[in-house]
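Biologist: Could you walk me through this structure? I have not worked with it before.

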Amino acid sequence: MSTPVKKVPIHLQSSQNRLVIRHGKIVNEDGVLEEDVYIEDGIIKQIGKNLIIPGGTRTIDARGKLVLPGGIDPHTHFEFEFMGAKSVDDFYQGTKAAVSGGTTMIIDFAFPKPGESILDCFYNYRQKADDKVCCDYALHMCLPHWSEQVKREMEILCKEHGINSFKMFMAYSFMLNDAELYSAFEQCQKLGAVAQVHAENGAIIVKNIERLLSKGIVGPEGHELSRPEEVESEAVNRACVIAKQVKCPLYVVHVMSKQAAQVLNLARENGNQVYGEALVAGLATDGNQCKHQCFQHAAGHVLSPPLRSDPTTPLALMNFMAQDVLQVVGSDNCTFNKAQKELGKDNFTKIPNGVNGVEDRMSVVWEKGVHTGIIDPCRFVAITSTNAAKIFNLYPRKGYIGVGSDADIVVWNPNATRTISAKTHHQAVDFNIFEGMVCHGVPEYVVVNGRVILDEGQLRAVEGFGRFIDTPVFPPYVYDPSKLEELKPQNNGNVEEEIQNIREIEKLHLEEKTCLTPTLPESTASTPSGRGARPEGQRNIQDSTFSISEDLDTDRKSCIRVRNPPGGKSSGFW
């Protein structure tokens, strides 16, 4: 589906058209450079020293700061109707909060209402989001049931509408059985799409809930008791087994336990092409919060799979991130306010599941990962931006600072601090699971499509400024690991030609379609080539010599290359 032509607000047409960021350290996932970045018309045009730029160009002095690719949050639920409530962060409030925290693109989950086709669901989500988003966005499509119609419409969404990922559930009333998962995975593989699963054993959960309620356990603490770690890890293993039968790449959303992560690691060692996503909530807090005497506090931490009561889990998940057992950090931002959480006051099964995270994801991951020394800034960029861009075929347009890439950039101050609070956050929800956390490392400037939206801490988000971005099928990092060597982008390399291919496709789409309509013209889409990391070897994060010193007179650091693609080297069934 093409992006309808949108009018840019007058004040954005005439200002901030040209921007140069000087004296900062550019951090990509594979290395660090001390060079300047020149931006024009929303695109990175030049990178280097002593750049020749037009007069009237705004300058940002990033001395002593890091220049990062904008964050990509691959897991949000804005305006999501679930468990008798609608999440309070809509596409405006949610993306506004995202930008304030350094995230410049989100991928939301389109979830069909009962009786609604997945194609109609796509149109409806576009209508909800297009005029509200403050940054670029894409969509995953959820499959709450399986049928021949769903199979046909998956193909239409892939070929005509820029969707390359489909989420299946192994729990809740809309879970798919194993045979249906097999068929859905098979269709994903045929189409070149990424299969995603919410991995929990739904049948066991139903029986556990019956047992707990019969014993009078009705409070929020019952939520985790009904969904122990083995219920998650068993489903992860089963999903990996099914996906391997049809040679389908698999992306497991919100891995919340050590057991589940270990299963993923074993599956990959056995040849599965599988990726794991952790949540910022799982990296920063634990399930003991659900035992709090205050119902509002406890219910505010309820999500599925649940936060684990084992207090060592957050650190273990962060270490799995460092070791590339897990590749991506999402937020699963699905916010319900205190009144909505009260729906489960007398029965934990009726508490709307979901927590915040889209605004605080970047700072919390920096605090728990970089500030503690577990990961370096290059790995931070990988897990908060680049790996998601690679998996969903947005790279190097997104998730990378290179000539030709979109000017989605964060100037990050690693020395500044902020204290998280519901009283000061930009989200609509009245509770924050990270309340009181002090984070070292905050965004000072956030540039979205070439415009400075966060300016020295002042947020100037514009409703409707973002665009819908197609995610082409057959991501080369997922479907063709054998070509990673020839697809490798060189540091300082020019990716403009590849980006231009993508933009030509979008231009053709814009010429053909100017509104959302069920009419389906012939597809003009093609799959652009990608550039990826070499499959052999791996950067030792602990041995990094990265420095955030303000001394810029030192010799430029040589690049620290990550030679494995997201998920590591494939040795399996391709």
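Modeller: Helices (H or I, at least four residues) and strands (E, at least two) are DSSP runs, numbered from the N terminus. The expected span of a helix is 1.5 Å times one less than its number of residues. This is a predicted model, where local features need pLDDT of at least 70, side-chain atom pairs count only at pLDDT 80 or more, and totals for chains, interfaces and linings use all residues. Residues are numbered from 1 along each chain as its sequence is written, and side-chain values use heavy atoms, without hydrogens and water.

Biologist: What span does helix 3 reach?

Modeller: Helix 3 (residues 118–129) has 12 residues and reaches 16 Å from its first C-alpha to its last, close to the expected 16 Å.

Biologist: Which residues of helix 3 are buried?

Modeller: Among them are Ile-118, Phe-122 and Ala-129; buried means under 20% relative accessible area (1.4 Å probe, protein chains only). Their cover includes helix 2 (91–100) and helix 4 (148–160).

Biologist: Now Lys-167: buried or exposed?

Modeller: Lys-167 is buried, at 2% relative accessible area, and lies in strand 13 (residues 165–169). Not counting residues up to four places away in sequence, Lys-167 touches residues including His-75, His-77, His-198 and His-254; contact means heavy atoms within 4.5 Å.

Biologist: What feature does UniProt place there?

Modeller: The unreviewed UniProt entry gives "modified residue: N6-carboxylysine" at Lys-167; such annotations may be inferred rather than shown by experiment.

Biologist: And how do strand 2 and strand 3 run?

Modeller: Strand 2 (residues 25–28) and strand 3 run antiparallel, joined by three bridges; two strands pair if DSSP finds at least two bridges between them. Ile-26 has Leu-33 as its bridge partner.

Methods. Buried < 20%, exposed > 50% of the residue type's maximum accessible area, 1.4 Å probe, protein only.
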